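Subject: Structure handover

Hello,

Here is the structure I said I would pass on.

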Amino acid sequence: MTAAASTTAEVLSVHDLVRHYSLGGGLPGRPRTRVPAVDGVSFTIPAGTTMALVGESGCGKSTTAKLILQLERPDRGEVRLQGERVDGASRASLNRLRRNVQMVFQDPYASLTPHLRVDAILGEPFKVHRICKAGEIAARVAGLIESVGLSADVGRRFPHELSGGQRQRIGIARALAVEPALVICDEPVSALDVSIRSQIVNLLLDLQASRGLAYLFISHDLGLVEHMSDSVAVMYLGRIVETAPASTFFAGPRHPYSAALLASSPTPDPRQRGRPAALRGEIASLVNLPSGCRFRTRCPLAIARCAESEPVLLPVGRGHLVACHRGEEMAGAAALPARPRSDPTGG
Amino acid sequence: MTPAAAEATTPSTARSALRAIRRAGPMLLSGGTVLALVVLASLFVPLLVEIDPLGIDVAQKLLPPSAEHWLGTDEFGREVLDRLIIGAHISLRVAFAATLLTAVLGIALGALSGQYRLADSIIGRFSDALLVFPGFVLAIMILAALGPSELNVVLAVVVLYVPRVIRTVRASIIEFRSADFVQAARAVGVGDMRLLVVHILPKSFGPVMVQLTFGFAWAILVEAGLSFLGLGPPPPSPSWGNMISAAREFIRTAPWIMIAPGVMITITVLSLNLIGDGLRDLVDPRLQGKVGP
């Protein structure tokens with residue numbers, strides 16, 4: 001059994017996570033520019049479930065993942081693991097975090113140390129966490145390799161001798177070595193050939209079923225998200241703008257940005273095909289954010305109020321939070337470039 | 001070489017790695033063969049034949065090359081060939097010791113300055129200060145201050161060459177410490193020390209090997225130059241530089257005394273430079289013609 005079966009139902013929660021980067025300021029007299037890469041992100045992941053974090057490139061999804069793993073220190077906010085606060089400065093707390101939360105990286109070509117054999121890469125977690133005796137590592141590594149559907153002889157190879165799919169399986173195996181409760185998957189299939197994506201996705205689903213894993217699934221592929229996740233959080237320029245159970249979200253998103261994302265994702269059924277997203281302009285710059293709502297410069301529904309005050313996340317339904325001044329009106333609004341399916345309660 | 005092979009991740013880099021091997025192969029082969037001949041000759045000839053680099057025989061002085069004296073004799077009647085072979089010991093020993101010490105110091109200090117900001121600013125300023133001086137002039141200053149000896153020549157070479165190695169190691173650490181595979185290892189729970197030694201440092205071995213090969217060649221030249229100025233290992237020890245220095249007076253009457261060690265220095269340094277060029281092309285084909293002292 002994994003650690004997921006602890007008494008607390010939530011495996012991970014983050015509260016008001018903030019990470020600002022400084023740009024420039026190297027020269028005297030030139031002010032530093034603050035870039036709010038992640039700006040007040042909060043969410044909770046129940047044990048054994050999958051939460052998807054979606055949004056465009058540069059919206060802070062990957063930074064959020066790094067903050068959770070303390071690969072980067074948050075400027076503010078806290079990460080709680082099974083209810084207990086993670087302290088990035090304490091060795092013990094970090095070890096506890098890393099034995100419970102692991103990550104699968106986006107690019108399997110870059111995330112495996114090129115000069116180490118697969119055996120050495122997979123043996124490392126056992127070594128650094130002293131999970132088992134040195135003599136048992138080989139057997140544990142062989143078990144890991146098998147559990148991700150590869151034959152044991154890949155252990156003697158170098159990463160560059162493996163295909164992209166095989167490498168990503170090794171990346172997954174490495175994450176599983178410590179038997180974590182949560183695995184953060186940062187776009188785990190977007191660097192892979194389309195033909196092997198589904199194999200990796202199915203592997204992730206099988207592992208979740210057999211080990212009770214929770215996933216934080218970072219993606220911009222909404223089709224995949226619908227297939228995999230229990231809940232969805234949409235990020236835009238460092239903030240979560242909408243979060244909801246997956247079924248609710250895909251039935252009727254309440255934030256115009258979510259609706260636009262959904263409308264721009266391809267649908268296999270031609271009759272269900274929505275119009276192309278009616279998003280105007282480029283994603284706003286993090287260096288120079290618009291006043292009020294960050295999305296208003298591209299929003300088809302923007303009104304004067306959107307420039308005046310920034311909307312906060314407010315509940316609009318069961319487990320459904322939206323940060324939009326017009327979120328109430330959004331429900332089932334026919335004018336939106338969303339899918340024809342809509343939430344009947346809002347009409 | 002494995003580091004180059006390890007880079008062959010995608011077909012296009014595999015192709016460029018192949019190209020690099022094809023380019024580097026002849027250089028490595030020719031340089032390696034010549035260097036191996038020099039080293040093997042200096043090591044094994046004294047075991048097979050009786051060699052007497054210090055045996056003075058004034059009756060036989062300044063004889064031109066002949067069947068009896070293959071490379072002639074010098075002003076004291078010593079065999080030039082014998083001195084050349086033993087001289088290789090001194091020149092290569094100095095260069096080897098200097099290179100080894102440079103490697104150890106350079107990797108350790110480079111790792112420190114790549115890891116820690118404070119260490120970086122201290123070590124960095126010191127290396128900058130050393131790099132400001134023309135290398136050979138600084139070597140002369142050091143030898144003038146410490147006095148001529150084999151050990152001091154080694155020290156001078158180390159002081160002059162170590163900043164380059166420090167920079168090379170530091171640069172690869174800074175390049176790779178935020179790489180995905182390092183982040184991934186950190187996420188697994190690998191500590192800073194192991195991260196550095198197992199994941200990051202090996203990535204710098206290729207460029208460092210290239211630097212050290214050029215450093216080796218450069219050390220031979222510095223030793224020869226210092227000896228020529230009388231700042232190297234003191235006579236009668238037959239280092240190549242000493243032999244040239246002593247042969248100055250006889251360049252008109254007995255040029256063979258000078259030509260023999262001159263040719264040896266040239267082919268040894270040339271072979272090392274060929275090896276360095278070859279390694280560099282293997283390690284990073286983009287750097288063609290950019291490294292070296």
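Two strands count as paired if DSSP finds at least two bridges between them. By that rule β11(A) pairs with β12 (residues 320–322) of chain A: three bridges join the two strands, which run antiparallel. Within this pair, Pro315(A) stands opposite Leu321(A) of β12(A). Please keep in mind that this is a predicted model.

The eight-stranded sheet

The pair β11(A) and β12(A) belongs to an open sheet of eight strands in chain A, ordered β6-β7-β8-β3-β9-β10-β12-β11, with mixed pairing. Its edges are β6 (101–104) and β11 (314–317) of chain A; each has a single partner strand, so one side of each is left without a neighbour in the sheet. On average, neighbouring strands of this sheet are turned by 25° against each other, direction ignored.

The four-stranded sheet

Another open sheet of chain A has four strands in the order β2-β1-β4-β5, and its pairing is antiparallel. The edge strands of this sheet are β2 and β5 of chain A, each of which pairs on one side only.

Going through the pairs in order, β1(A) and β2(A) run antiparallel and are joined by eleven bridges. Leu17(A) stands opposite Val41(A) of β2(A). Helix α1(A) packs on this sheet too, touching β1, β2 and β4 of chain A, and its direction makes about 115° with that of β1(A).

Five bridges pair β1 (residues 10–23) of chain A with β4 (residues 76–81) of chain A in the antiparallel sense. Here Glu78(A), in β4(A), is the bridge partner of His15(A). Next, β4(A) pairs with β5 (residues 84–85) of chain A over two bridges, again in the antiparallel sense. Arg80(A) has Arg85(A) of β5(A) as its bridge partner. The hairpin formed by β4(A) and β5(A) has two residues between the strands, and Gln82(A) takes a positive phi near 45° there.

Domains of chain A

Twelve residues of domain 1 of chain A are in contact with twelve residues of domain 2 of chain A. The area buried between the two domains of chain A is about 880 Å², and carbon and sulfur atoms give 56% of it. On the domain 1 side, Pro36(A), Glu56(A) and Leu222(A) lose the most area to domain 2 of chain A, together 50% of what that side buries.

Two salt bridges are found across this domain interface. Glu56(A) forms a salt bridge with Arg298(A), with the closest N and O atoms 3.1 Å apart. Three residue pairs are in polar contact between domain 1 and domain 2 of chain A, both residues being at pLDDT 80 or more. Of the elements on the domain 1 side, β2 (33–46) and α7 (222–228) of chain A each supply at least two residues. The largest share, five residues, comes from β2(A).

Chain A against chain B

Between the chains, 23 residues of chain A are in contact with 19 residues of chain B. The area buried between chain A and chain B is about 2000 Å², of which carbon and sulfur atoms give 59%. His115(A), Glu124(A) and His160(A) supply 25% of the area that chain A buries against chain B, more than any other three residues.

One salt bridge is found across this interface. Glu124(A) forms a salt bridge with Arg194(B), the closest N and O atoms being 2.8 Å apart. Eight residue pairs are in polar contact between chain A and chain B, both residues at pLDDT 80 or more. On the side of chain A that touches chain B, α2 (91–100), α3 (118–128) and α5 (164–176) of chain A each supply at least two residues. Helix α3(A) gives the most to that side, with four residues.

Regards

Key:
Residues numbered from 1 in each chain as written. Chains lettered and ligands numbered in written order. Predicted model: local features only at pLDDT ≥ 70, side-chain atom pairs only at ≥ 80, totals over all residues. Heavy atoms only, no water. Axes fitted to C-alpha atoms, helices over the stretch in contact; angles between N-to-C directions. Contact = heavy atoms within 4.5 Å. Buried area = accessible area lost by both parts, 1.4 Å probe. Salt bridge = Lys/Arg side-chain N within 4 Å of Asp/Glu carboxyl O. Polar contact = N/O pair within 3.5 Å; in protein donor to acceptor, adjacent residues only side chain to side chain.
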